[in-house]
Amino acid sequence: MKILVFGTTGQVATELTRRKSLGFNLTCLSRSMVDLADSAACAEAIVAHDADAVINAAAYTAVDRAEEEEALARLVNAEAPAAMAGAAAAKGVPFVHVSTDYVFDGSGEAPWRPGDAPAPLGAYGRTKLAGEEGVRRAGGVHAILRTSWVFSAHGGNFVKTMLRLSETRDALSIVADQVGGPTPAAAIADALLVMAGALARGERESGTFHFSGAPDTSWAGFAREIFAQAGKRVTVTEIATADYPTPAVRPLNSRLDCSALETHFGISRPDWRAGLAAVLAELKEQA
């Protein structure tokens, strides 16, 4: 099965690229090959490549900067995937798209279900929601996978930030009233490939699904586990989101109900603690 992937350097895209060595027939398009701010070029790339399925693992993910660059974020997060989905639909191949918990407002404490009403709090969430809507409007076979708190041994993420800070700090104040499921990028990549394959074989129908690591925790809880596994003696003091203001408002409740993904594709929530151990081992090898 031939799969066309948008993205090569992001956390999930990097993991997808790695799966070429495992026998997956993947063609991965970098930003230098296709300008994600050019929706027509994105559509043309699908027309030009012979593929059985398309995965979009590329996005504008600078959450805070998006508050000032919403127009650019919209080109990449909304117009590009809409054009990709349209081209895939015209070609008769399924389109799998990665989205985010930021489409929700983070209210309450119940895990968000795929059918719950979105209400993004900022520019990043608005543009990602617009991308979802564009994918659905295209009318082709598709799957939208919302995920959260992605981490890996590459790119910028919370794990690497905590490890960097631990080199010079023995105490940190970390937000404790935001709760969600940290998700290994490797697990997301594997899920996308399973979904793309099932859709291409006609085994599953289109839909929107959630995928995050288990168990749910706070950023403070995540930090403590990072330091424990890495053998770092860092004291974590819990603080409220209000004590750590950022340009973009973060959702307090990023819990995701992932049952539909398990029911439809047999994909269960990964234990992020095991994923963290694998990431730390890889970082140690890189050192």
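Okay, let's start with a helix pair: helix 1 passes helix 6 in a right-handed crossing. By right-handed I mean that the near helix is turned clockwise from the far one by less than a right angle, with anticlockwise being left-handed. The helix 1 axis (residues 11-18) and the helix 6 axis come within 8 Å, and they cross at roughly 65°. Those axes are lines fitted to C-alpha atoms, for helices over the stretch in contact, and the angles run from 0 to 180 degrees between N-to-C directions.

Quick word on provenance. This is a predicted model, where local features need pLDDT of at least 70 and side-chain atom pairs count only at pLDDT 80 or more, while totals for chains, interfaces and linings use all residues. Residues are numbered from 1 along each chain as its sequence is written, and side-chain values use heavy atoms, with hydrogens and water left out.

And the element numbers: helices (H or I, at least four residues) and strands (E, at least two) are DSSP runs, numbered from the N terminus.

Back to that first pair. Who touches whom? From helix 1 we have Gln 11, Val 12, Glu 15 and Leu 16, and from helix 6 Ala 185, Ala 186, Ile 188, Ala 189, Leu 192 and Leu 193. Contact here is heavy atoms within 4.5 Å. Sorted by class, that's eight nonpolar, one polar and one charged. The classes are Ala, Val, Leu, Ile, Met, Phe, Trp, Tyr, Cys and Pro as nonpolar, Asp, Glu, Lys and Arg as charged, and the others, Gly among them, as polar.

Strands pair if DSSP finds at least two bridges between them.

Strand 8 (residues 179-180) pairs with strand 11 in the antiparallel sense, over two bridges. There, Val 179 stands opposite Ser 218 of strand 11.

On to helix 3, starting with its helix 2 side. The axes of helix 2 (residues 39-48) and helix 3 (residues 70-91) come within 8 Å and cross at roughly 30°. So helix 2 counts as roughly parallel to helix 3 (under 35 degrees is roughly parallel, over 145 roughly antiparallel, 65 to 115 roughly perpendicular, and the rest oblique). This crossing is right-handed. Helix 2 brings Ser 39, Cys 42, Ala 43, Ile 46 and Val 47 to the contact, and helix 3 brings Glu 79, Ala 80, Ala 83, Met 84, Ala 87, Ala 88 and Lys 91. The tally is nine nonpolar, one polar and two charged.

With helix 4, the helix 3 axis comes within 7 Å and crosses at roughly 15°. That makes this pair roughly parallel, and the crossing is right-handed. Among the residues that meet are Ala 73, Asn 77 and Pro 81 in helix 3, with Tyr 124, Thr 127 and Gly 131 in helix 4. By class, the contact has nine nonpolar, four polar and four charged residues.

Tyr 124 turns up again in the aromatics. How many aromatic pairs does the structure hold? Nine, where rings of Phe, Tyr and Trp (its six-membered ring) pair if their centres lie within 6.5 Å, with planes under 30 degrees apart called stacked, over 60 edge-to-face, and the rest tilted. Tyr 102 with Tyr 124 is an edge-to-face pair, at 5.3 Å centre to centre and 75° between the planes. They are 22 residues apart, with Tyr 102 in the loop between strand 4 (95-100) and helix 4 (123-137), and Tyr 124 in helix 4 itself.

Most residues other than glycine have a negative phi, and most peptide bonds are trans. Ala 214 and Pro 215 are joined by a cis peptide bond, omega about 0°, and Pro 215 is in the loop between strand 10 and strand 11. Trp 149 has a positive phi, near 45°, and is found in the loop between strand 5 and strand 6 (150-151).
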